[in-house]
Amino acid sequence: MNQSSAEALLALGGNIGDVRATFERAIAMLCADGAMRLVARSSDYRTPPWGVTDQPAFTNAVIIVATSLDPHALLGRVQNVERALGRDRASGRRWGPRPIDIDILAYDDVVLREPDLTLPHPHLFERAFVLLPLAEIASDRIVAGQRIGHALAALDISGITKLPPVRQPANR
C-alpha cells in the first residue's frame with residue numbers, strides 16, 4: 001500500500017445464510033490485492049431489522065480499513081464484493097433481507113454529497129446497530145463533528161446483543 005493511505009469505516013450487515021462466515025469472506029475479498037488492509041474489526045452483533053421489520057434479525061459488525069483507493073473506487077470494490085457474495089441491489093427490496101450489505105460510513109474527514117455516494121453515511125447517527133460496533137473499536141473517533149461514543153449514548157440499544165466469538169475448528 002502506498003503512503004497516501006486513507007482510513008475508512010465500513011459497516012457489514014446481513015440476515016440470509018451464514019452471515020458471520022460471509023463477513024470473513026467479504027473482509028478477505030476486500031483486502032485481497034493489498035489496496036486495503038484491515039486495521040480493526042468489531043465483534044458481531046445480533047440486531048433487530050431496521051426500516052423493513054418483517055424479516056429475520058441481522059448480524060452487524062464494523063471494520064476500519066486503511067486503503068489507497070479513493071472513495072469512488074472503494075465504493076466500486078465494496079459493491080463488487082457484495083455482488084460476488086450474493087447481494088442483488090437491482091432486484092432486492094430496499095432494507096430487505098440480504099446475505100451481505102457493506103456501507104461506507106466515513107472516509108477520513110471527506111464530505112461528499114453525490115448521487116452515488118454520500119460521506120459520512122447519511123444514516124450513521126440514527127443507527128444503533130452501526131454505532132454500537134463502531135463504538136467498540138473507535139469510541140473516541142470524531143465523524144462529522146460528533147464523537148462516536150457520545151452519539152451512541154443518545155440511541156436506544158435495546159434488542160442488540162453482542163455475539164460470542166466464532167469458534168475456529170481445532171487443527172488436527
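**Exercise 1.** Determine whether E82 is buried or exposed.

*Solution.* At 1% relative accessibility, E82 counts as buried, where buried means under 20% relative accessible area, exposed over 50% and partly exposed in between (1.4 Å probe, protein chains only). This is a predicted model, in which local features need pLDDT of at least 70 and side-chain atom pairs pLDDT 80 or more, while totals for chains, interfaces and linings use all residues. Residues are numbered from 1 along each chain as its sequence is written, and side-chain values use heavy atoms, without hydrogens and water.

E82 lies in helix α2. A polar atom of the E82 side chain lies 2.6 Å from the backbone nitrogen of I102.

**Exercise 2.** State which residues of α1 are buried, and where they lie around the axis.

*Solution.* Step 1: helix α1 comprises residues 19-30 and reaches 16 Å from its first C-alpha to its last. Step 2: the buried residues of α1 are V19, R20, T22, F23, A26, I27 and L30. Step 3: they cover an arc of only 150° around the axis, which puts them on the same side of α1; the arc is that of the directions from the helix axis to the C-beta atoms. Step 4: an α-helix has 3.6 residues a turn, so residues three or four places apart point the same way. Step 5: the buried residues of α1 pack against several elements, including β1 (6-14) and α2 (71-84).

**Exercise 3.** Identify the residues with which A151 is in contact, leaving aside its neighbours within four places in sequence.

*Solution.* A151 lies in helix α4 (residues 148-153) and counts as buried at 7% relative accessibility. With those neighbours left aside, its contacts (heavy atoms within 4.5 Å) are F125, L131 and Q146.

Technical notes
Helices (H or I, at least four residues) and strands (E, at least two) are DSSP runs, numbered from the N terminus. The expected span of a helix is 1.5 Å times one less than its number of residues. A polar contact is a pair of N or O atoms within 3.5 Å; within protein, one must be able to donate a hydrogen and the other to accept it, and residues adjacent in sequence count only if both atoms are side-chain atoms.
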